Amino acid sequence: VVHCVKGTYGWELNETVARALKGAPVIDKPSFGSLELVRRLQEEQSRQEIQIELVGLCTDICVVSNALLLKAAMPETEIFVDAACCAGVTPESHRAALTTMKMCQIQVVESRT
């Protein structure tokens with residue numbers, strides 16, 4: 001299914017999100033997972049110890065793909081996924097993706113207090 005085509009409405013960031021980024025780098029990704037994201041975070045990890053927190057759409061496609069790529073490439077790095085800041089295609093597939101990530105030693109934050 002064609003979606004999020006660069007330059008179209010579906011590709012643009014929400015105005016609130018764009019303002020919050022304040023010029024931070026945005027990585028275009030040609031597929032579900034981003035090797036460019038992995039590369040950039042590996043470079044950052046080489047300079048200092050980091051923790052990674054992922055949020056986004058869709059939990060069951062892009063978030064899980066990137067979480068697993070990062071865990072495979074950086075197995076000792078703490079990776080968190082904030083479940084409240086993600087959404088899946090369905091509630092069931094969202095929960096299934098969270099379970100998959102937990103099984104792969106990715107820390108899923110279910111709620112914040």
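Reader: Why is Q105 called exposed?
Author: In this predicted model, Q105 has a relative accessible area of 62%, and exposed means over 50%, buried under 20% and partly exposed in between, with a 1.4 Å probe and protein chains only, so Q105 counts as exposed. The model being predicted, local features need pLDDT of at least 70 and side-chain atom pairs count only at pLDDT 80 or more, while totals for chains, interfaces and linings use all residues. Residues are numbered from 1 along each chain as its sequence is written, and side-chain values use heavy atoms, with hydrogens and water left out.

Reader: Which peptide bond is cis?
Author: The cis bond joins L57 and C58, with omega about -15°; C58 belongs to the loop between β1 and α3.

Reader: How do you know that S111 is exposed?
Author: The relative accessibility of S111 is 55%, and so S111 counts as exposed. S111 lies in the segment after β3, and its C-alpha atom is separated by 9.9 Å from that of C85, 26 residues apart along the chain.

Reader: Why is the span of α3 said to agree with expectation?
Author: The expected span of a helix is 1.5 Å times one less than its number of residues, so the 15 residues of α3 should span 21 Å, and its end C-alpha atoms, 20 Å apart, agree with that.

Reader: Which residues of α3 are buried, and what do they pack against?
Author: T59, C62, V63, V64, N66, A67, L70 and K71 are buried in α3, and the buried residues of this helix pack against α2, β1, β2 and α4 (91-103).

Reader: What makes N66 buried, and which residues does N66 touch?
Author: N66, in helix α3, is buried because its relative accessible area is 7%. Not counting residues up to four places away in sequence, N66 touches K29, F32, G33, S34, L37 and L54, contact meaning heavy atoms within 4.5 Å.

Reader: What makes a set of residues a nonpolar core, and which members of the largest one touch the most others?
Author: A nonpolar core is a set of buried Ala, Val, Leu, Ile, Met, Phe, Trp, Tyr and Cys residues joined through side-chain atoms within 4.5 Å. The largest one has 20 residues, of which L41, I52, L54, L70, V81 and M101 touch the most other members; α2, β1, α3, β2 and α4 each supply at least two residues of this core. Leaving aside neighbours within four places in sequence, L54 has contacts that include V63, L70, I79, F80 and V81.

Reader: How many residues line the largest pocket, and of which classes are they?
Author: The largest pocket is lined by 39 residues, the closest to its centre being L13, I27, K29, V55 and L57. By class, the lining has 26 nonpolar, seven polar and six charged residues, where Ala, Val, Leu, Ile, Met, Phe, Trp, Tyr, Cys and Pro count as nonpolar, Asp, Glu, Lys and Arg as charged, and the others, Gly among them, as polar. The largest share of this lining, six residues, comes from β1. On a 1 Å grid over the protein atoms alone, a pocket is an open set of points where a 1.4 Å probe fits, with protein on both sides within 12 Å along at least five of seven lines, and lining residues have an atom within 4 Å of a point.

Definitions and conventions. Helix = DSSP H or I, 4+ residues; strand = E, 2+ residues; numbered from the N terminus.
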